[in-house]
Amino acid sequence: MEKELIKAFNNAKYQLDTNLTENIWHTIIKREKHIKRFKLSIFSIIGISSLAGMIPAFNMLLKDFSQSGFYEYVSLLFNGNALSTYWKELTLSLAESLPTINIILSLSLVFVFFLSVRFVAKQIINNKYVGKAYIA
Amino acid sequence: MTDNELIELYKNGNDEAFKKLIEKYSSSIYNFTYHITGKNNASDIVQEVFIKVWKNINRFNPSKSSFKTWIFIIAKNSITDFLRKKKQLNFSDIKNYNDDYSFSENIADENLLPDQMLQKLQDSEFLNNLLEKLSLQYKTILILHYQEEMTFDEIGKTLSKPTNTIKSYHRRAILELRNMITTK
């Protein structure tokens, strides 16, 4: 009975519209390209914003370095006598004079910038190969 | 190449592998959808199914179910959504059985459909007419079992029902088919 029913049900199969598979494929490719273009613009905006943000952040960082006396402590490092006698105090003062918040901010912006550059490059490469058989 | 290998290839950037999956399953999904929703809506639903598969391919877990079962679950859900929108029956609507079946329950599986009836079913138009009249639940089980050659366990996973329930429904579906042939 099983075999006869399988045969009967297979005879009763409805035939697929020949264009349907291609249409589905093209719809998916179109959507994939759209999503990739969207991601590309988002990451580009983030990249450009972080690059623009880096200018004031670095200006502030340089200003903070000079205001905190960091350069003076650094110059003392090259004074052989001071370093051998007061190395502990000098290291502590040097650490204290670091503008930590501004350093974190500037490094974060650099990190975000490089991350978005990486994503943009990836999206461009992927977009080029959407619908293709193989990515080299 | 197996379905899992094609999925892996697609995840590694080979888009053509996904096209191969569409080519492999579009006919089955179309046929399944056509039987339940009719020709006019089948193409749109099939397209929707493959878009859902494409969007959720990373969620597919081969250790839980085969790709075939997974795609049929998505198809079933898409059809359920469609039927709900149209306020028609859905897959979980269970037919109330009447007592007419109590006698038939004692018939052995292999004798459920005599050769003469099986011969009649070889006429595709006749069978499709019968399927149209069959309840959604029964029709689904018969199509998945005999057209897609899915096991009762796979059908159970697809319809979220225990295997024994599917076996019982299958038997009742065959009996319903038998009754319909007799009354024709």
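Two residues are in contact if their C-beta atoms, placed from the backbone, lie within 7 Å. Keep that rule in mind for the views below. This is a predicted model, in which local features need pLDDT of at least 70 and side-chain atom pairs count only at pLDDT 80 or more, while totals for chains, interfaces and linings use all residues. Residues are numbered from 1 along each chain as its sequence is written, and chains are lettered from A and ligands numbered from 1 in the order in which they are written.

View 1. An automatic or database domain assignment supplies the bounds: domain 1 of chain B covers 3-85 and domain 2 covers 101-183. Their C-alpha centres lie 24 Å apart. Here, 10 residues of domain 1 are in contact with 12 residues of domain 2. On the domain 1 side, H2 and H4 of chain B each give two or more residues, and H2(B) provides the largest share, five residues. (Helices are DSSP runs of H or I with at least four residues, strands are runs of E with at least two, and both are numbered from the N terminus.)

**View 2. Helix H9 of chain B, tucked in.** Why is helix H9 (residues 152-159) of chain B largely enclosed by the rest of the structure? Seven of its eight residues are buried, so the rest of the structure largely encloses H9(B). A residue counts as buried if 20 or more other C-beta atoms lie within 10 Å of its own, as exposed if 12 or fewer do, and as partly exposed in between, with C-beta atoms placed from the backbone. Among the buried residues of H9(B) are Phe152(B), Ile155(B) and Leu159(B). Their cover includes helix H4 (67-85), H8 and helix H10 (163-183) of chain B.

**View 3. Chain B against chain A.** At this interface, 30 residues of chain B are in contact with 28 residues of chain A. Among the chain B elements giving two or more residues are helix H3 (39-56) and helix H6 (115-121). The largest share of the chain B side, 10 residues, comes from H2(B).

View 4. Chain A has five helices and zero strands. Its C-alpha atoms fill a box of roughly 100 × 35 × 25 Å, taken along the principal axes. Of its 136 residues, 10% are buried.
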